2 protein chains.
Amino acid sequence: MYRTNTCGELNESNIGQQVILAGWIQTIRDKGFVTWIDLRDRYGITQLVFDEQRTDKDLIDKAKKLGREFVIQASGTVIERTSKNPNLPTGGVEILVDELSILNPSIVPPFTIEDETDGGEELRMKYRYLDIRRTPIKNKLIFRSKVAQLVRNYLSQEGFIEVETPVLIKSTPEGARDFVVPSRLNTGQFYALPQSPQTFKQLLMVGGLDKYFQIVKCFRDEDLRADRQPEFTQIDCEMSFVEQEDILDTFEGLTKHLLLELKNISFDKFPRVTYAEVMKKYGNDKPDIRFGMEFVELNEELKNSGFKVFDEAELVVGINVEKCASYTRKQLDELTDWVKRPQIGASGLVYIRYNEDGSIKSSVDKFYSEEKLKAVIQKAKAHPGDLLLILSGAASKVRPQLSALRMELAERLGLRNPDVYAPLWVVDFPLLEWDEEENRYVAMHHPFTSPKPEDIPLLDTNPGEVRANAYDLVLNGNEIGGGSVRIYNKELQGKMLSLLGFSQEEAEAQFGFLMNAFKFGAPPHGGIAFGFDRLVAILGGQEVIRDYIAFPKNNSGRDVMIDAPSYIHEQQLEELNIKITK
Amino acid sequence: MYRTNTCGELNESNIGQQVILAGWIQTIRDKGFVTWIDLRDRYGITQLVFDEQRTDKDLIDKAKKLGREFVIQASGTVIERTSKNPNLPTGGVEILVDELSILNPSIVPPFTIEDETDGGEELRMKYRYLDIRRTPIKNKLIFRSKVAQLVRNYLSQEGFIEVETPVLIKSTPEGARDFVVPSRLNTGQFYALPQSPQTFKQLLMVGGLDKYFQIVKCFRDEDLRADRQPEFTQIDCEMSFVEQEDILDTFEGLTKHLLLELKNISFDKFPRVTYAEVMKKYGNDKPDIRFGMEFVELNEELKNSGFKVFDEAELVVGINVEKCASYTRKQLDELTDWVKRPQIGASGLVYIRYNEDGSIKSSVDKFYSEEKLKAVIQKAKAHPGDLLLILSGAASKVRPQLSALRMELAERLGLRNPDVYAPLWVVDFPLLEWDEEENRYVAMHHPFTSPKPEDIPLLDTNPGEVRANAYDLVLNGNEIGGGSVRIYNKELQGKMLSLLGFSQEEAEAQFGFLMNAFKFGAPPHGGIAFGFDRLVAILGGQEVIRDYIAFPKNNSGRDVMIDAPSYIHEQQLEELNIKITK
């Protein structure tokens, strides 16, 4: 037996017990006549003590020769500490060791394995197995496991069945790039790895399973960014005989459950806002609503007064930044520079200071009477001491610009409080968006998303105006889930694919299996997919996604330690009938 | 709202209620003045009724035009049935329909969607989404989901953390073939899909996670057999600071939990038998112990009596087949032919009939006195009416031959009762086996398996005799799990790899990351992996594995409906820098 107890469980109630512990040496403090070792395992830290009066000399010598991260086993008696550490559950006791064995030595680790480490990002990634020993990282992995377990238990209780869908599938042409896998049994042909199990879950609904979910790995062969992994995890769900409201209710229930269990926060109904409305109010389809700063449209108040920039703009729109009238000229210039950076692309920034004393000062005073500026202030519901910031231009450009400014200010003003959770549903997304490059409509969500029934006539006359039964769940400025009510009618699916530019033959080749299945009585159905990696990170405190992944990939797609991918054997290439060309 | 209730929940307590149901039409029975429809969903079947006296004529006409597998929605009143069906939970009531809408029509399905279908295997696989509507298949998918949920909850409660390991990994040379995935970011290089997360879980132990599990897809690019899928699911587990007994106890606990929850069978401690012993007793390392028929070694009794076949054999061994002394000569000849088939390869079969009247008749009477035959009968603990069947030859050949005969007889005699569960642990597997083709030792389990400490000296003198701390969990003649205590010492791991024929450089290239990790204090650890697909099938009643997979692959590795893999786009090949050679 390696241990009678873990390093996280002994306390004053165990005093006098004879125990065996095993773990890693976090620190050794040698005070001459007394030597202490902090012994760590997954569950905590327990102090071992060796002293000249009570410990055998050979044992003390042995202890003094140990090093950091040695794996040891120690037997001894639980005794009360003279100076207790109230911050540790085990801080009231220590183990007076009477036997010690080294299970495995360690060379000196490349960084300190403590909550605050001296290791840089790169080093910690290279030695991920050492980084995982650190409590903050270890706890993130445990947290991820807990979230998954909560999701599974909740959905199972709600009658959802977890079904595993295939990983080696047929490639489909929509969306981002597929990873491909050459087939040995069918040489010259390739499997694809799924970007999502979309078609399979729809087939499960045709198959009558009624409620399906899966926590599932998906794959996307796209260029990597810091927080996008080529393999990622989804909570994938689908339901039958439901309307949009049923789906929203169900997964609102799941999200509430997670927020309650993990954060001890309860919610009433989540707000449901249309895409049109969030774009108008926040310039963004995943608004952070932990703070206000909603857009105020000012065409009426500020156009046609001789200020050419506004007069020529499609949209003049501002935000009221509370208690910032005191911003200096320098601060305002800096903000102006900020919005003029190429990443944002605004041509300038107009401000109106509503000073504490009630006076008004703006960067456009010469064009506007105080009365006109007062009307703006009134519309923006500003209070003395507030600052209005205004942008103008084409609506499709100025909204995202102002959205970026809004988020930047919130960040600077500390309004994105990580302890606050503000979920909302964004609904009624457009069905289609125009792809300038391809000169055709593409599906905003995916080609299986159903149009709102009342908008179906518009499919023939004005497809860009058609709203979809599609929705996103947004949490603190992040899209954490998105889904739709699906088309379940073969004819409508055909029409949709033709709108998206598929010929009859292409549609048949790519989606024939789904359209064929629809011939045999597909039920009305819809679903949602949550980005599990992001959900976990947000629930964990909005830290980076890859902290919550045990073995993330680096920016070239290689595993952090194992340095995949690797060279392939000639023989295997031959069997697969493929050749490397460069 | 599509439905107020499912088709599985209404009964006499709901009489008088106004309800809405939705589902598929299983059958329509038109008796002229009354029409009944059996409406099916995942939860059950509810009878709809339309009759001339109580139903609007237009509605009756509409109902009569419906077809099998149409998806409909029906509103009506729950009424008591005149002739009840006691076999259905809903069999006491029917719905007097007052409103009906067709949600989706269906063409005539290619087979009947009922418990007993007229569809052949191939047709059912082609239209898997229709097959899934059938209760027996649907229930298997629900059962699989339930097993997974039980496993997760049990292991979570035991302190195991579920960690997702990467799917796109580096190829390693051991074991069966890897699927490979060309990398676009690192062209000319390939990811591999994991055959198991073995090295990752060991790194998690080095990382101090202490108890890890994962229900995870693994991949093997081998030729397919009926019951082997190229992608399969494992319950993968690893623990630290444990000895073999701790691991066995933990996963015996899991298995008992499953058998209790799913089968309502409780167990005391599972038997633990050494590999050497099961090979001697059953000629097989995964014996079915639901019945006895243990091997009886008869060298002492039957050799050196002038019967050349036995005299020259290394091993004479038999089984006692209870109550089969009445087998006719014809039956015995047929069994002899059976063991002589090339798949079995025995040269002949000797029988001894111990007749009900106490007399003895054997096929080798001329070589043996009745006394000698009696000694055999006594050793075999045979009773009057039993039949002894005896094979001889080289031990390594005759044992598997007799094992096959034992299983065949058990099958014929109905001794493999699917309602009986007989688990056992097989322990002390050999560490290495000699590979005739490669003329070297290969790891019987995998190269990370530790030898028994007391056998380590044999590594230098007689490697083939070294026993491993490796074990299999066997259930009803199937290996459902296997694992080992791992090597956690860099030097021993190096020695093991060199025994397996790896040069220093190869070992470094292939396993360097693991051996490097071992430098930093690896804890003692070990684990197990369960074949989830097989476990589910056995717990579900020993039916074929692929019945429990929603979308299995056929024998060429293609998905049963979607016909993957598929041809790849030229452009994608170019980006990946690969070319198809044939």
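**View 1. Elements of both chains around the largest cavity.** Helix H4 (135-157) and strand E9 (211-219) of chain A, along with helix H4 (135-157) and strand E9 (211-219) of chain B, each give at least two residues to the lining of the largest cavity. Please keep in mind that this is a predicted model. The volume of the largest cavity comes to about 500 Å³, and a search of the whole structure finds 10 cavities of 30 Å³ or more.

**View 2. The lining of the largest cavity, residue by residue.** In total, 31 residues line the largest cavity. Nearest its centre you will find A:Arg152 and A:Ile215 from chain A, with B:Arg152, B:Ile215 and B:Val216 from chain B. By class, the lining has 14 nonpolar, seven polar and 10 charged residues.

**View 3. The second largest cavity.** Here the volume is about 140 Å³, and 17 residues form the lining. H4 and strand E10 (231-240) of chain B are the elements that supply two or more of these residues. Lying nearest the centre of the second largest cavity are A:Glu164, B:Lys217, B:Ile549, B:Ala550 and B:Phe551. The lining of this cavity is made up of eight nonpolar, three polar and six charged residues.

View 4. Now we turn to helix H12 (residues 395-412) of chain A, where A:Arg399 sits. A:Arg399 counts as buried because its relative accessibility is 19%, and buried means under 20%. Leaving aside residues up to four places away in sequence, A:Arg399 touches A:Met279, A:Lys280, A:Gly283, A:Phe295, A:Glu297 and A:Leu315.

Notes
Residues numbered from 1 in each chain as written. Chains lettered and ligands numbered in written order. Predicted model: local features only at pLDDT ≥ 70, side-chain atom pairs only at ≥ 80, totals over all residues. Heavy atoms only, no water. Helix = DSSP H or I, 4+ residues; strand = E, 2+ residues; numbered from the N terminus. Buried < 20%, exposed > 50% of the residue type's maximum accessible area, 1.4 Å probe, protein only. Contact = heavy atoms within 4.5 Å. 1 Å grid on protein atoms, 1.4 Å probe; cavity = no way out; pocket = protein on both sides within 12 Å on 5 of 7 lines; lining within 4 Å. Points joined across faces, edges and corners; volume = space filled by probe spheres on them. Nonpolar A, V, L, I, M, F, W, Y, C, P; charged D, E, K, R; others polar.
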